[in-house]
Amino acid sequence: MFSSKLLGVATIGYLICSAMYVSYLFFRNEKFGKVITLILGLSFGCQIVGWGLRWSESYKLGYGHIPLTNFYESLISVSWTTVLIYMIIEYRFKIKTLGAIVLPIVSLAMACASLSPNINDKIEPLIPSLQSNWLTYHVITCFLSYSAFAVSFGASIVYLIKNKKGETKADLFPSQVILDEMIYKTIAIGFLFLSVGIITGAIWADITWGNYWSWDPKETWSLITWFIYSAFLHARFTMGWKGPRTAILSIIGFAAVLFTFLGVSFLLPGLHSYAG
Amino acid sequence: MFKAFIKFLTSIKLAVILLIILAAISVLGTIIPQNAPMEKYLRYYQISTYRFMSKINLIDMYHSSWFIFILGLFTLNLLACTVKTFPNLWQMITEKKQGLDDELLSTITLKHDFEIKEYGEEQKSKFIEILSRHLPSTTVTESAGTIHFFSEKGRFTHLGFILSHLSIVLILIGGILSAYSFKGFMTIVEGETSDTITLSGKMALKKLDFSIRCDNFEILYYDNSDRPKAYKSTLTIIDHGKEVMKKAIEVSRPLTYKGVSFSQASYGNVPDQGDVVLRVAAMDAPSAIREYKTATGGTFQIEGTGDWVKVNRFVPDFQMDNQMKVISRPNKLKTPAAELTVFDRNWNSLYHTWVFSNFPDLHRSAQKEKYMFTLANFINKQFTGLQVTKKPGVWLVWIGCFFMLVGFYVIFFTSHRRIWLEITKKEDRYLAILAGLANKNREPFEREFKVIFNSLKDEEKNNTKEDF
């Protein structure tokens, strides 16, 4: 199908971008930076068009659903939301160096999705309980939050590296003050989206199962993630924490995000299980 | 001692500690299976461990008294923190004072002194223009030879704190009210009416004050596929003998009546009951085949002769035991058969026969029969399984969620920014102070402040140039 070809092109584009972003750390050249952003934009465009085509192909098959419904589609979708959030942050902060961490993660997710033999990339019909517009609201907002947290994770790692090595390697990455602001901003965005994601999930569960909260493992882990990030926000806002402690909290938060996204689906039984 | 305890109870520190405790407990709750059958626990734990876990409610922790206690403590702490901060916030929101006194100035780190050569109406409007470009409402006052410019934006950002924290209290109260809710299950056979639900978790029944009839249940499939696309029940609500509501529900499309929601949850076949489709031809005219459909236990009249046929019963897997009695294994469509009795038009019984779908010719050999029957189809009668819930607190939860999102947006994406510009005449010059304060997002505000400062300086430079 044409959609998977486009997604393949996007994967290659992201791989090239990863290599270029890493080289950009060493050759700071404004023109070179503009070329990377251009390639990133083109790859993102390919992916969005491929994703949209997959959506329309599903209608041709008679199933007709947004590509957010199995593990393959989840990986593809969370990749583009991450690139989207990253591009916004790159534009707002005028800093390209974080791409050296974010793009390799995205490329890995895309490559896993298309190459792993265990991941089924067929368009399948949707079981009745997933046929709802709330699927779109719930999954997109959750993925946007995961993406924002991924970017904050990248910034936190860089922050800690700089903290350990001191400001000697200062030219490689942005200053700690800017990193700190980046961590906070992306977590604020992620926290807002996570809240919307949990709430839309609760509304959907209420409509489908007559219960807005049932302590299903995925629900519980999303709440754990929410607790950790709200502890982060209170530590920073109210208790005046700054520096490595908040960066570490943000990394713990992202570990919870990863477990919510992947761990729960494969290790714990429940409504969101891919294994079942 | 008591005071210190109260202080701790209302502190942000306790809030963060409780958040971490709640997170840790929740992790435990996803590792230890909750509300699972006993056998499952015994696979992983000793019986004594299981008894202990059961005693302290580790296997149903989200409903345990200690978990509810922690949630209650969390709610109290939240309320206390909100109440404690409220007077300050309210003052910030309603404050009339806009002047820059020494006390306030000493707490501000973002300030610049500079000098102005000229100050008049022209400069005044220019300064207002520059300040208003960033923070729209600018006021100018004069007192004791000093001119005060004051600009601000986002006063209401302080409401975000109250909204977001009270919203969580609302959600928790809504959750506590769910103690007055019920959750249960009911099955209704197509065509039948019921008003009784089985409460989940307990072996108890509950009667509703209205009843509900299942008119039809059906499964829709994707084209050319055996994958189900929809499970659909057509339900009618009957209240005081009157049909008050009729609705087809599907998964994710529930019906709600008097606060009670009915969601499509399961379905099944009623054993040996349903519609039987028979093909009938008279032995002396085998090519004139007619088709009849009737429910098990029902009758039909054969056109032409006027004879009657009664479908006594249907069995999905026809077998005989050693006393030649017909038995059947339920729910296994292997050798489906129907028992019929044929009557004449005056209801005198003519003969009995069994009709099979797999062996349509079997009955012929038995005796001289008037008709040739074929079992063409059997449409099993189904029942629908409905999840029934009543949650009186759910509206509080949704209102809380809405306020929470509005609160978060206000907190994260708006800030209260204030800028003061004070100009005092000293001999032939004017001394100016520009000071700025933002309650959050200080880094972007610092950049904005720099822009404002530079614009003011540029303005001053332009003025100076004109003078020469």
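Select helix α2 of chain A and colour its buried residues: they pack against α1 (2-26), α3 (71-93), α4 (99-115) and α5 (133-165) of chain A. Buried means under 20% relative accessible area, exposed over 50% and partly exposed in between, with a 1.4 Å probe and protein chains only. Helices here are DSSP runs of H or I of at least four residues, strands are runs of E of at least two, and both are numbered from the N terminus.

The model is predicted: local features need pLDDT of at least 70, side-chain atom pairs count only at pLDDT 80 or more, and totals for chains, interfaces and linings use all residues. Residues are numbered from 1 along each chain as its sequence is written, chains are lettered from A and ligands numbered from 1 in the order in which they are written, and side-chain values use heavy atoms, with hydrogens and water left out.

**Stop 1: α2 of chain A**

The buried set of α2(A) includes A:Gly33, A:Ile36, A:Leu40, A:Phe44, A:Gln47, A:Trp51 and A:Arg54. An α-helix has 3.6 residues a turn, so residues three or four places apart point the same way.

At the start of α2(A), show the side chain of A:Asn29, an oxygen of which reaches to within 2.8 Å of the backbone nitrogen of A:Lys31. Just after the helix, A:Gly62 takes a positive phi of about 90°.

**Stop 2**

Move to A:Ser79 in helix α3 of chain A. A:Ser79 counts as buried because its relative accessibility is 2%. Leaving aside residues up to four places away in sequence, A:Ser79 touches A:Gln47, A:Val106, A:Ala109 and A:Met110; contact means heavy atoms within 4.5 Å.

Next select A:Lys94, in the loop between α3 and α4 of chain A. Its phi is near 55°, a positive value in a residue other than glycine. With 62% relative accessibility, A:Lys94 counts as exposed.

**Stop 2: where the chains meet**

Show both chains: 47 residues of chain B are in contact with 46 residues of chain A. Together they bury about 4100 Å², 70% of it on carbon and sulfur atoms. B:Thr30, B:Tyr222 and B:Phe412 supply 16% of the area that chain B buries against chain A, more than any other three residues. Buried area is the accessible area (1.4 Å probe) that two parts lose on being put together, summed over both.

**Stop 3: strands of chain B**

Select β4 (residues 182-189) and β18 (residues 371-390) of chain B, which run antiparallel and are joined by eight bridges. Two strands pair if DSSP finds at least two bridges between them. B:Met186 stands opposite B:Leu386 in β18(B).

Finish at the open sheet of four strands in chain B, ordered β12-β13-β16-β17 with antiparallel pairing. The edge strands, each pairing on one side only, are β12 (299-301) and β17 (349-356). Three bridges pair β12(B) with β13(B) (residues 308-315), and B:Thr299 stands opposite B:Lys310 in β13(B).

How values were computed: A polar contact is a pair of N or O atoms within 3.5 Å; within protein, one must be able to donate a hydrogen and the other to accept it, and residues adjacent in sequence count only if both atoms are side-chain atoms.
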